[in-house]
Amino acid sequence: THWKHGGVVGVRGYGGGVIARYSDSPDKFPNVAAFHTFRVNQPSGWFYTTKALRQVCDIWEKYGSGLTNMHGATGDMILLGTTTENLQPCFDALTDEAGFDLGGSASVLRTPSACVGPARCEFACIDTLDICNDLTHTYQDEMHRPRWPYKWKFKISGCPNDGVAAIARADMPIIGTWRDAMRIDQDAVREYVDNGFDIVGEVVNQCPTQALEWDAKAKKLNLKPEECVRCMHCINKMPKALRPGLYKGATIMIGGKAPLVRGPRLAWVLVPFMKMEPPYTELKDMVERIWD
């Protein structure tokens, strides 16, 4: 059957977090005449305990269809399919019993999401988990009560590999980076080469700005720091030998979208480098000026 977005349903105090869905043929499919969707705010980096997942699934089996999507493009847990009368009791159980809140839907701040960052990745340049958690708690009103003509998304990636595809999908991507020179362990570089690694073909010739040179006689990899754009290609190829610099922060970007009708639009750089230290006052001041 064809599904339509229509009508307004929700839970007390919230203007977002529930997507109303109704069947166009309720007489033919009475059991799914209403099939509303919850967006449930995920933990930073999508780290769950099995106990928490069981609680959510048990609640959803009781009040909904049991169908889930882990995770939606925004990052939320998506609970697919419940009736209008079950919305409030399901929400009450999610918050009171399982400790979860709703995420963002409609013209709101969509639920911020982040890669696993320093929890699992040695190349993370910022604490993606803390930034995501901080922004989520700071902007609860913007997440749950529509105030704009269109949505807004934060996505936080710990390094320029952009593990959450923020550049293509977020209004404001926050991308971890470094400001000083990339670190090079020359002994580890030589070990790669001695083991048959084609450093010229795989790394030097692939550098988009020709920032690297291989001195075959001295068996040394030379870097021109002023030419490096921190694309991570060489680090990805030689992770035991190359590492981000020590002066770390984030590049703040603006304008990424992934609309279905007109196709994606990549974000562009707004602030080349910003230190990212709690409570992230510089970032929040800039965000709020943009919103206002």
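Contact here means heavy atoms within 4.5 Å. Helices (H or I, at least four residues) and strands (E, at least two) are DSSP runs, numbered from the N terminus.

This is a predicted model, in which local features need pLDDT of at least 70, side-chain atom pairs count only at pLDDT 80 or more, and totals for chains, interfaces and linings use all residues. Residues are numbered from 1 along each chain as its sequence is written, and side-chain values use heavy atoms, with hydrogens and water left out.

Start by selecting α9 (281-291). Its buried residues (under 20% relative accessible area, with exposed over 50%, 1.4 Å probe, protein chains only) are Leu283, Lys284, Met286, Val287 and Trp291. They lie on the same side of α9 because they cover an arc of only 165° around the axis, taken from the directions from the helix axis to the C-beta atoms. Turn to the other side of α9 and you will find Glu282 and Arg289 exposed.

Next, show what the buried residues of α9 pack against: α3, α4, β8, β9, β14 and β15.

Finally, pick α3 (residues 128-138), whose buried residues include Leu129, Ile131, Cys132 and Leu135. Among the elements covering them are β7 (113-114), α4 (140-144) and β8 (154-157).
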